[in-house]
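Subject: The model, and what turned up in it

Hello,

Here is the structure I promised to pass on. Please open it alongside this email, and then read on for what was found.

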Amino acid sequence: MATASVSVATPDLLIVGGGISGLAAAAEGARLGLHVTVVDRNSLYGGTAVIAYGIAIVGSPRQVELGIKDSPDLAYRDFVNWGGDPHPGWARYYVEHSKVELFDWFAACGVQFEKIVKPNGNSVARFHHPRGGNVSLVAALYREVHHSGRVEFLMNTDVTGLVLEDGRVAGVKVQDY
């Protein structure tokens, strides 16, 4: 097994993990004109998002079309009551921004949401199922990063430590599988 270091001197943005959050961060970094490196221990991108079955979105156009009355305050109460001790600041941010930062963002990438369900703990239907399942969310993100030409992937690569310079993180130590 080869051991190497990846330093921020090479990419402008270094992301550990090629799951849906890592891909979203890579896409946004590329949109800002940054050169991005994504390090992931798996051989495929997407993480566990590819096996999930939807995404919670509050106040989407699809909910409006279906006559579902939702609001950030209602969703916040549901998240706090059912969410297993969620961080209040993060829960508030999520319910107030999910329409723009999830629905609108994915719709702009070509994702279509075809069904909305009401899982346990929710007062209204807000769990959006994308056409093709969550793998379509991951594929849309991957298309974004691939077409940018600004993102490189180091797959089958485990992060084994941090590279510190003057007390701040300047990169990561990696080991290929």
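Two residues are in contact, or touch, when they have heavy atoms within 4.5 Å of each other. With that in hand, V151 touches A26, A30, V36, V38 and V145, leaving out residues up to four places away in sequence.

A word on the ground rules. This is a predicted model, in which local features need pLDDT of at least 70 and side-chain atom pairs count only at pLDDT 80 or more, while totals for chains, interfaces and linings use all residues. Residues are numbered from 1 along each chain as its sequence is written, and side-chain values use heavy atoms, with hydrogens and water left out.

**The overall picture**

The protein chain has five helices and nine strands; here helices (H or I, at least four residues) and strands (E, at least two) are DSSP runs, numbered from the N terminus. Read from the N terminus, the order of elements is β-β-α-β-β-α-α-α-β-β-α-β-β-β. The C-alpha trace spans about 55 × 35 × 30 Å along its principal axes.

Of the 177 residues, 38% count as buried. Buried means under 20% relative accessible area, exposed means over 50%, and partly exposed lies in between (1.4 Å probe, protein chains only). Among contacts with a separation of 6 or more, 61% are between residues 24 or more positions apart.

On charge, there are 15 positive and 18 negative side chains, and the centres of the two sets lie 8 Å apart. Lys and Arg count as positive and Asp and Glu as negative, without His and the chain ends; each charge is placed at NZ of Lys, CZ of Arg, CG of Asp or CD of Glu.

**The cores**

In soluble globular proteins, nonpolar side chains tend to be buried together. A nonpolar core here is a set of buried Ala, Val, Leu, Ile, Met, Phe, Trp, Tyr and Cys residues joined through side-chain atoms within 4.5 Å. The largest one holds 32 residues, of which A26, I55, F106, F113 and V151 touch the most other members. Two or more residues each come from α1 (20–31), β3 (36–39), β4 (55–56), α3 (72–82), α4 (88–108) and α5 (134–148). The largest share, seven residues, is from α4. Apart from this core lies another, of five residues, including I68, L74, I116 and V124.

**A three-stranded sheet**

β4 also belongs to an open sheet of three strands, in the order β4-β6-β5, with antiparallel pairing. β4 and β5 (113–117) stand at the edges with a single partner strand each, so one side of each has no neighbour in the sheet. Strands count as paired if DSSP finds at least two bridges between them. Two bridges join β4 to β6 (residues 127–130), and the bridge partner of I55 in β6 is H128.

**Loops worth a look**

Most residues other than glycine have a negative phi.

- N156 has a positive phi, near 55 degrees. It is found in the loop between β7 (151–154) and β8 (157–165), and is partly exposed, at 33% relative accessible area.
- D166 has a positive phi of about 55 degrees. It is found in the loop between β8 and β9 (168–176), and is exposed, at 85% relative accessible area.

Leaving aside neighbours within four places in sequence, G18 is in contact with L23, V38, V39, D40, Y45, G46 and G47.

Finally, D12 is in the loop between β1 (3–7) and β2. D12 touches G33, L34 and H35, again not counting residues up to four places away. From C-alpha to C-alpha, D12 and H35 are 5.1 Å apart in space, though 23 residues apart in sequence.

Best wishes
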